[in-house]
Amino acid sequence: SKFSAKESQFIATKFASKYFQNTLWNTNEGKAIGLSYFKERGFSERIIKKFKLGYSLKKQNTFEKHALKEGYNKTVLIKSSLIGENEDGKSYDKFRERVIFPIHSYSGKTIGFGGRALNPDAKSKYLNSSETLIYDKSKVLYGLNIAKQAISKTNKCFIVEGYTDVIAMHQNGIENVVSASGTALATYQIGLVKRSTNNIVLLFDADNAGKKATIRSIDLCLKEEMNVKI
């Protein structure tokens, strides 16, 4: 049934998140590459744990092998966007050799992942989970599960471009902040913010893409009767 398919994806992504965190803190590669990257970015251990950041190993199929050994179904892992399959049916770990940013629902369930490659030869620097039964990127704001109380309290929400922007602001004591993760805002996302405040401040990058996203987002915010600043 649809319900159990969704439920199994929640269970698989939660398991993956624990695995990636464990890899970051308790393996030599995780510590040497992942943890040192986060610390270079100025993130404290407390903040790294707060956002449940992780690391995925370089050796191919490490996550898949571990998950199968723990009794997870391969089809569920594929449908959860944790492993992928080539044309010839060979499977691969989607987030191999990346630092991991888990994406949480409004209520705090793990629903997907963002991964940043640290290897300069990687095809894409950033990689997100594909759409699944539990993850629709136009309906999620990164960091909202942690930020919603601060947004209500300050009656204002900062919206930034990337995961690390959200984390850096938390690191500096500003907690009423979320990210639309590299896409322009969608109406549903503004609705999520509106549960806590009518005041939005857009803090996008100053490059062309950032400017375009800002202008698109202003229009949408005004249409949704939000007060918007830049």
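Phe, Tyr, Ile and Pro count as nonpolar, Asp, Glu, Lys and Arg as charged, and Gly as polar. These classes are used for the linings below, and the model is a predicted one.

**Figure 1. The largest cavity of the predicted model.** A search of the whole structure finds one cavity of 30 Å³ or more. The volume of the largest cavity is about 40 Å³. Its lining consists of F51, P102, H104, Y142, G143, N145 and I146. Two elements, β4 (98–104) and α6 (144–154), each give two or more residues to this lining. Which classes make up the lining? Four residues are nonpolar, three are polar and none is charged.

**Figure 2. The largest pocket.** The largest pocket holds about 390 Å³ of space. Its lining has 14 residues. K94, R96, R98, A122 and K123 lie nearest the pocket centre.

**Figure 3. Strand β4 and its two partners.** Is β4 enclosed or open to the outside? Seven of its seven residues are buried, so β4 is largely enclosed by the rest of the structure. Strand β1 (residues 54–56) runs antiparallel to β4, and three bridges join the two. Y55 has V99 of β4 as its bridge partner. Seven bridges join β4 to β5, again in an antiparallel arrangement. Here F101 has G114 of β5 as its bridge partner. In a regular strand, side chains alternate between the two faces of the sheet.

**Figure 4. The turn of the β4–β5 hairpin.** Five residues lie between strands β4 and β5 in this hairpin. Which residue of the hairpin takes a positive phi? G108 does, with a value near 100°.

**Figure 5. The F95–F113 ring pair.** The whole structure contains 13 aromatic pairs. One of them joins F95 and F113 in an edge-to-face arrangement. The ring centres are 6.0 Å apart, with 65° between the planes. Why does this pair tie together separate parts of the chain? F95 lies in the loop between β3 (91–93) and β4, while F113 lies in strand β5 (residues 110–117), so the pair links parts that are 18 residues apart in sequence. Both F95 and F113 are buried.

**Figure 6. The aromatic cluster around F113.** Ring pairs link F15, Y19, F20, F63, Y72, F95 and F113 into a cluster. F113 belongs to strand β5. Its relative accessibility is 0%, and buried means under 20%, so F113 counts as buried. F113 and F20 are 93 residues apart along the chain. Their C-alpha atoms are separated by 10 Å.

**Figure 7. Charges over aromatic rings.** Which ring lies under the charged end of K109? The ring is that of F10, with its centre 4.2 Å from the charged end of K109.

Figure 8. Helix α7 covers residues 163–171. Its buried residues are Y163, T164, V166, I167, M169 and H170. An α-helix has 3.6 residues a turn, so residues three or four places apart point the same way. G173 follows α7 and has a positive phi, near 85°.

Key
Residues numbered from 1 in each chain as written. Predicted model: local features only at pLDDT ≥ 70, side-chain atom pairs only at ≥ 80, totals over all residues. Heavy atoms only, no water. 1 Å grid on protein atoms, 1.4 Å probe; cavity = no way out; pocket = protein on both sides within 12 Å on 5 of 7 lines; lining within 4 Å. Points joined across faces, edges and corners; volume = space filled by probe spheres on them. Helix = DSSP H or I, 4+ residues; strand = E, 2+ residues; numbered from the N terminus. Phe/Tyr/Trp six-rings, centres within 6.5 Å; stacked < 30°, edge-to-face > 60°. Buried < 20%, exposed > 50% of the residue type's maximum accessible area, 1.4 Å probe, protein only. Lys NZ or Arg CZ within 6 Å of the ring centre and 35° of its normal. Pairing = 2+ DSSP bridges.
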